[in-house]
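Dear colleague,

I am handing over the structure below, and my notes on it follow. Please read them alongside the model.

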Amino acid sequence: MRSRDRTAFSLKRLEIAASAPVEFLVDGRKVTARKGETLLTALNADLGHVRNFEFLEERRSGFCWMGACQDCWLWTSSGERIRACTSLVETNDSLSTSAPEAGA
Amino acid sequence: MTSFDVAIIGGGLAGCSAALHARRRGASVILFERGRCGAQASGVNYGGVRQQGRHPAELPLARRSRAMWERLVDLIGQDCEFSATGHLKLARNDADMADLVAHQQMVSSFGLSLEILDRSDLRRRYPYLGQDFAGGSLCAEDGQANPRLVAPAFARCAREKGAVIREQCSIKLAVADRNGFQLFAAGEDAPVHARRLINTAGAWGAGVAKWFGDIVREEVMAPNMCVTEPIAPLVGPNLGICGGGIYVRQATGHGSVIFGSGLGTADRDALRARPLADVTMEAASAAIKMVPALANVLLVRSWTGIEGRMPDGLPVIGASPSTPNLFHAFGFSGHGFQLGPAVGAVLAELSLEGGSPTSLDGLSMTRFGEPKSNSAAPVAAVRT
Amino acid sequence: MSATDPVIIVGAGPAGVSAAGALVEAGQKPILIDEGMFPGGQIFRRAPAPLARSGKDTYGFEATRAHALGEHFAAILPSITYYPETLIWGIEPGTIHLARKDGALRQPWTRLIVAPGAMDRIVPVKGWTGPGVFTIGGAQIALKAQASLIGGEVVFVGSGPLLYLVAYQYARAGARVVAVLEHADPFRHVSAMAGLVAGGRILAKGLYYMAWLRAHGIVVETRAEPTEILRNRNGRVSGVRFLKGTRETTLTCDAVGIGYGLKSETQLADLLGVDFIFDRQHRQWLPKTDADGRSSVKGVYFAGDGLAIRGSEVAEMTGELAARALLADEASAYAPPVSGLRQRVARMDEFRRALDGVFPFPSRMASMSPDDTVICRCEGLTAGSLREAVTTSGECDINRIKAFTRLGMGRCQGRVCAPMAAELIAAQAAVDIAAVGRIRGQAPVKPVPLTALARRTHDQL
């Protein structure tokens with residue numbers, strides 16, 4: 001399963017009057033989220049998952065939302081590790097749901 | 001009164017291998033392990049299965065052991081994730097290169113073949129390496145295994161073949177008597193009798209040896225180990241560097257990267273050891289220097305264990321200088337894992353046949369000087 | 001390291017903030033360290049400003065208390081040194097080791113109040129590791145802190161008071177809550193449990209939520225055992241299958257929240273080397289303390305849900321108790337009395353224990369997970385492989401099973417899998433759960449990039 005395919009998971013957003021959009025990239029594709037959202041919220045709302053599991057053919061979408069389960073680690077496109085549930089979306093971030101090629 | 005042919009104190013890899021090999025020779029065997037087999041140094045070490053870099057005194061054992069690693073499945077029914085990924089020892093400078101070349105010549109007389117690589121070879125074959133190394137030496141048949149699995153597998157096999165493996169059973173004292181040895185276990189009234197005694201008590205080996213007046217100085221060391229999350233295949237061979245320092249391997253299949261550098265802290269008597277945060281941080285720094293792509297990999301865990309170290313960094317292996325039918329193998333100084341299977345085989349031979357085809361020259365306890373007189377050894381009539 | 005090192009408080013939830021307040025009141029200037037972005041822990045988890053909703057919408061009946069904690073924190077902030085988004089990854093005698101985005105730091109300590117809180121306790125069910133399945137606590141955080149719902153049609157599975165609270169909050173926020181599948185049989189117990197009376201207001205709230213759900217047509221099934229989370233072709237959750245007695249039912253849904261109560265986070269306690277005690281009702285090894293939170297190590301105190309799961313009201317009390325104990329232990333400091341506070345904690349403890357009796361951890365169900373159920377989600381280990389390791393090795397110590405199978409060696413270090421793995425191991429080895437032991441905390445207690453450790457700022461906080 002390529003990371004670009006959506007799991008079509010249905011995280012639902014509540015209406016917030018003053019919410020402001022934040023645009024950033026995930027696997028090279030533009031994603032729009034709301035200011036104040038974490039990467040976990042944003043990716044689950046858009047892509048439906050945050051990473052591919054290493055040992056089985058399965059995707060993961062986080063689990064605990066509180067930095068305990070460690071199942072939502074992503075990469076920035078420059079290769080840094082970032083935990084989705086404890087990181088806020090920032091405009092022009094470029095994230096990757098799989099490890100970037102070495103030397104990227 | 002039952003008397004075992006062979007009693008073993010210490011259920012690490014060497015002891016469990018000795019139990020299996022002695023049992024396969026038809027001897028009645030009892031092994032005592034204070035905790036669980038393989039729970040100490042044998043289970044928490046780096047997992048390198050390495051011949052390269054050893055002192056010549058260890059090479060006959062290392063060569064014999066390597067053949068056993070190859071056929072671990074035949075020996076104990078599982079391969080313990082042994083994989084011949086190679087061992088690459090890196091040279092920092094020309095002086096290191098000269099040492100590597102000299103080592104290559106030395107080991108060739110033992111039938112071990114190493115390949116010397118220059119700077120451009122390294123760049124071409126191992127582009128993930130960081131620092132500007134002068135070159136390296138590759139031992140293609142070296143590799144790695146999962147240390148947590150090996151000693152317990154030997155113990156299980158020995159038990160299946162009829163060896164008595166007594167875990168969570170601590171020997172408080174052993175003494176020599178007319179018929180061999182009496183072993184006094186904690187909480188038990190009657191001693192266990194055995195004709196021959198093998199001391200594979202690891203970091204506590206010198207303590208056991210002392211019961212018989214074989215006095216050597218054994219210190220403890222606690223190699224500070226680290227492991228990362230699993231990552232895509234990056235590092236092929238098991239990496240080391242001249243002069244010691246950092247060693248790095250990537251677990252074949254699983255993908256986590258294990259590295260070690262420096263020492264944690266250990267309390268031999270309290271049976272406690274822990275890694276040190278400062279040492280872990282230095283190791284992280286050194287790992288990144290060696291393999292820059294590790295910079296953004298997550299460190300998941302650090303650990304250490306209690307390992308025995310001898311003053312010259314070589315184990316004590318061989319017959320007791322003072323006491324007939326007593327055999328020692330301890331003090332592996334941080335590099336006993338690869339040797340373990342063969343050490344056990346040799347101990348079985350020494351104890352049951354009086355000799356071994358594998359040379360143990362240079363490993364005898366006597367290299368530290370004359371043994372103390374037997375008046376220091378406890379006599380048989382000891383009240384428990 | 002000196003007696004004038006400020007007290008360090010680990011965790012800015014109700015317990016930690018309460019402890020900080022008590023120390024400030026006594027003239028101290030503690031350091032308060034927290035991993036999160038804002039104080040409040042998980043129960044009073046705050047949304048970032050752009051997603052904030054009203055206190056009532058966010059916290060319901062707890063709005064007053066949430067507000068009070070925020071006010072209290074603001075009042076003490078000038079007197080404390082507060083370090084959010086800071087992880088304590090290691091603790092050694094005299095030094096704590098920290099990691100922040102900008103690198104690693106160290107801080108000397110002589111006195112610690114450890115209040116790291118808790119996380120959800122999980123029992124696996126086939127299909128639980130893929131997308132769209134979260135903890136109950138996680139579902140609540142999605143709502144409270146991110147103004148989101150985990151799905152459009154949600155089933156909540158598990159046991160315990162949190163199940164009803166979150167289902168209620170979701171329904172109030174406009175989610176379609178398809179069902180609440182409760183493993184226990186709470187209604188049978190409620191009338192019989194005299195101890196529950198002590199819970200007063202808390203009990204009333206719980207009953208209110210249950211009644212509200214029923215009144216709004218939300219199915220609440222008790223004695224329900226989930227058997228599978230179903231998924232469609234592109235991996236999306238499509239339903240939950242469960243057993244009630246012998247009757248099997250399938251419900252349609254697109255997201256699932258799972259939780260069977262909470263478990264204390266004890267990794268830092270392990271690193272500190274404090275004595276632990278097995279709490280049979282919590283079915284967990286917990287730091288052993290006296291009535292005021294003093295551990296077996298001088299200068300180390302525990303409070304809050306990280307000491308034992310007793311809820312946020314008790315967390316505030318035990319935070320204060322720990323601070324008072326610390327002050328009492330300083331020969332020169334004023335030590336406010338504790339007996340009244342201790343009595344209140346004891347009464348609440350009675351209530352919590354009765355509540356635990358109403359919603360026991362489903363150890364039998366956990367221990368009987370089918371062989372192909374994934375237990376360790378980090379490593380993908382199944383119940384069958386754990387059982388095999390127990391049988392082959394003849395051992396039951398969870399650390400040995402970990403060594404043989406990699407259980408608990410993944411990124412979460414056993415946080416998620418340990419309770420259920422322990423039940424499974426105990427059942428397979430036919431030993432008491434206490435004999436299985438616990439997975440020991442090891443540094444780093446949470447994963448840290450190597451570069452953050454290599455980049456040592458050398459400065460103290």
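**Two helices of chain B**

In chain B, the axes of helix H1 (residues 13-24) and helix H10 (residues 340-353) come within 7 Å and cross at roughly 50° (axes are lines fitted to C-alpha atoms, for helices over the stretch in contact, with angles from 0 to 180 degrees between N-to-C directions; helices are DSSP runs of H or I with at least four residues, and strands are E runs of at least two, numbered from the N terminus). H1(B) and H10(B) are therefore oblique to each other, a word for angles that are not under 35 degrees (roughly parallel), over 145 (roughly antiparallel) or 65 to 115 (roughly perpendicular).

This is a predicted model, in which local features need pLDDT of at least 70 and side-chain atom pairs count only at pLDDT 80 or more, while totals for chains, interfaces and linings use all residues. Residues are numbered from 1 along each chain as its sequence is written, and chains are lettered from A and ligands numbered from 1 in the order in which they are written.

**A helix of chain C**

Helix H14 (residues 418-429) of chain C has 12 residues and reaches 16 Å from its first C-alpha to its last, close to the 16 Å expected at 1.5 Å a residue (that is, 1.5 Å times one less than the number of residues). H14(C) is mostly covered, with nine of its 12 residues buried (20 or more other C-beta atoms within 10 Å of a residue's own, C-beta atoms being placed from the backbone). Among these buried residues are Met420(C), Glu423(C) and Ile425(C). After H14(C) comes Ala430(C), whose phi is positive, near 55°.

Best regards
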